[in-house]
Amino acid sequence: MKSRRQIALILAFLLAVLGGAMLLSTALGSESIPFSSTVKMTLNKLPLLHFEPSWPPVYEDIVFHLRLPRVVGGALVGAALAAAGVLFQGLLRNPLADPYIIGTSSGAFFGISLAMIFLPLTFSFFGFGITSITAFCGSLGAVFLVYNLARIGGRTPVVSMVLAGFVVGAFLTAIAWFLLSVSGDLHQRFNEVFSFLMGGIRVSNWQQVTILAPLILVSIALSLFFVFHLNAFSLGEEGAAYVGVDVERDKLLILTLGALLTASAVCIGGLIGFVGLVIPHVTRLALGPDHRLLLPASVLAGASFLVLADLAARIAISPQQLHLGILTALIGAPVFIYLLRRYRKEYAF
Amino acid sequence: MKRLTMILLVIVLALTIATGYLGYRLSEQQPGLGESLFGTTPAQAKVIDALAPVLSFTPESVLGEVPGTINDDLGREVSIENIPTKIVCLNPAADEVLFLLGEDDRLVGVSDAWLYWIKTPEELVTKIKDKVDDGQIKAFSHYPQFGIEPDPEAILALEPEVVFSFGYTLPEYAKALEAAGVPVIAFAADTLGDVLRNVVLVGKVVGKEDEAAEIARGMRERMLAIGTKTIVSTKPSIFYEVWFDESGLWTAGNGSFISSLICLAGGEDIGTVVPSANPKIDPEYVIGSDPEIIILADAPPGAEAPQAILPSERPGWGNLTAVREGKVYRLTEEEIDRISRPGPGLVDGLETLARILHPELFE
């Protein structure tokens, strides 16, 4: 058991890491912009300070319109996926649970394929394109469907939820591919479909950030109220009920938060594998299974990790961009194996 | 033992990544013929590299004859006993050649691209659509990038005497057809010279070698006429946008047809720093390179479909030279169609690009 002071220190350290990752990610890119210019032009945006611009105006366009929204978007997606991972792993008591386990990813894919084939793609809503919106709705819709299918006599057993999630997911994916296969302009959609499936931060304007940031941050804040319940869930559902948890109600609420977080992440990140599965495990290995620390620490670690992975995706073979899903697994897997071997004896799920 | 396994694993992984990365970086730097010539600027060298296969083309370089054996683009010898009366052709560029030769009535199967997004030549498009409606021609889907292949059984049922396939490897359906005894000629044009060769190849198969050679020579003349004008012209930097949406920005990279067309049309394509044909590119790089001309080739199929947001309306793009000077050109579906298909229409596509880049040369 860690003291409050220890918890605060660990979280402060992780917050500093996130700050550093975001700073580094804003300073680096295909175009080499001097670090001092980046810092000065950022400070110029704040009141009080003013530096005479000694850089071409195009640098400001690059930093403020292209890099920063993407860095912030990456941090949000990483935080959301890691939080959803902790919620689902704790709720389902399944080490292989990740944000996509109950059909969210397939729901989003289904939504995107519907939009590509049946909806006017020029439509946009507060800076979100139609495919982002249908991905969001598809994710939530799939969870709703899975929850109701798994519900038996007023209870929703975890096992039936996982199985229903798997089956609904497979079914929706099949429909999505069917729709894409029979549509005439499949070849035009290749880039977009592939990008979605491989993941990638697609924040193209600040409007998207201003809408998703509150949604994700509030969902994470609300999840923090459930850390005790998640700890109780590790006793099993009966055990949790004994210590006074309203199992069915909390299951629904945690599920809803997890689904909201995943849907928000999918809508601007596509299907980014690995983060939501492994970040909670890595954090648990390093800091223990207590959700009071595990949840906030995972959120910060997930955000930092994704920001750095996205930086690598941008600069590894710049100016060509790699798909984010390649980098998250490429960097994440070795780190995870290393930690697993190192802490093996003490791992308590 | 365990430690050894780990070390081996790490070495294998590191080697895989390193070789992949080095291969990628080295493929950028293969010097072409142009660079070895004395006294050429790098931009001229690129034009020479694009022109070289055109210059060295002669109709006689297409080997083989029908009836007999003929060499296809994958270097295979295909034997064809008679001039075929029934052809299944999944390479739209070859359909176009057959049409120009007046031999398109031999077609019994085509790619379904004709039904969806191919726009030129208009007469052939309407003809094929009508025939598909009447059931005289069958249309097949082939999207190798999605793993969608036509059913070889359905092709076989049409009893074709030869099948034209498309792709840098022989597709699965084509292997099945060969096994069933149907000769398959594979098309995989790689350079502008290959485009000319393919015209002659199609001509040979239908017994119209001389007419085909005439078409190919005409195309060659026009390519050379444009190339000799642009080789000495200025080379404005240009960004060719294949696709832009929320998920990213795509261009035509080094080694793609489009990048050699741009070279030949007298432009300096900023996408050629990327050594792959259809790269997702960092918008930051485009903005940093500040191209003088932007060409949008993202008009999608169907009039009701969307078009990408104009660069002037994208966050961060407003200060670009091309945007400020109004040098952003959107190609029509017909123009994109000609530029992106390695058939006879390609020369018209080249001329479209040259006129955008150098209107002064065509006055």
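Leu115(B) is partly exposed, since 16 other C-beta atoms lie within 10 Å; the scale calls a residue buried at 20 or more other C-beta atoms within 10 Å of its own, exposed at 12 or fewer, and partly exposed in between, with C-beta atoms placed from the backbone. This is a predicted model, in which local features need pLDDT of at least 70 and side-chain atom pairs count only at pLDDT 80 or more, while totals for chains, interfaces and linings use all residues. Residues are numbered from 1 along each chain as its sequence is written, and chains are lettered from A and ligands numbered from 1 in the order in which they are written.

- Leu115(B) belongs to helix 5 of chain B; helices (H or I, at least four residues) and strands (E, at least two) are DSSP runs numbered from the N terminus.
- Leu8(B) is 107 residues from Leu115(B) in sequence and 53 Å away in space, C-alpha to C-alpha.
- Chain B brings 34 residues to its contact with chain A, and chain A brings 36; contact here means C-beta atoms, placed from the backbone, within 7 Å.
- On the chain B side, helix 5 (113-116), strand 8, strand 9 (248-251) and helix 12 (283-289) each supply at least two residues.
- Helix 12 of chain B gives the most to that side, with 5 residues.
- The side of chain B that touches chain A divides into 21 nonpolar, 7 polar and 6 charged residues; Ala, Val, Leu, Ile, Met, Phe, Trp, Tyr, Cys and Pro count as nonpolar, Asp, Glu, Lys and Arg as charged, and the others, Gly among them, as polar.

**Two domains in chain B**

- Chain B is assigned domain 1 (31-54 + 227-362) and domain 2 (62-188), with bounds that come from an automatic or database domain assignment.
- The centres of these domains of chain B, taken over C-alpha atoms, are 30 Å apart.
- Their contact takes 10 residues from domain 1 of chain B and 11 residues from domain 2 of chain B.
- On the domain 1 side there are 3 nonpolar, 2 polar and 5 charged residues.

**The open parallel sheet**

- In chain B, 5 strands in the order 5-4-3-6-7 make an open sheet with parallel pairing; a pair needs at least two DSSP bridges between the strands.
- Strand 5 (138-140) and strand 7 (184-187) of chain B are the edge strands, each pairing on one side only.
- Neighbouring strands of this sheet are turned by 15° against each other on average, direction ignored; axes are lines fitted to C-alpha atoms, for helices over the stretch in contact, and angles run from 0 to 180 degrees between N-to-C directions.
- Strand 3 (residues 87-89) and strand 4 (residues 107-111) of chain B share 3 parallel bridges, and Ile87(B) stands opposite Leu107(B).

**Strand 8 and its partners**

- Strand 8 of chain B is largely enclosed by the rest of the structure, because 7 of its 9 residues are buried.
- Strand 8 of chain B pairs with strand 11 of chain B in the parallel sense over 4 bridges, where Phe239(B) faces Ile294(B).
- Strand 8 and strand 9 of chain B run antiparallel, joined by 4 bridges, and a hairpin connects them through 2 residues.
- Glu241(B) has Thr251(B) in strand 9 of chain B as its bridge partner.

**A helix in each chain**

- In helix 15 of chain B, the buried residues include Leu346(B), Leu350(B) and Leu357(B).
- Helix 13 of chain A is largely enclosed by the rest of the structure, because 22 of its 25 residues are buried.

Note on methods:
Two residues are in contact if their C-beta atoms, placed from the backbone, lie within 7 Å.
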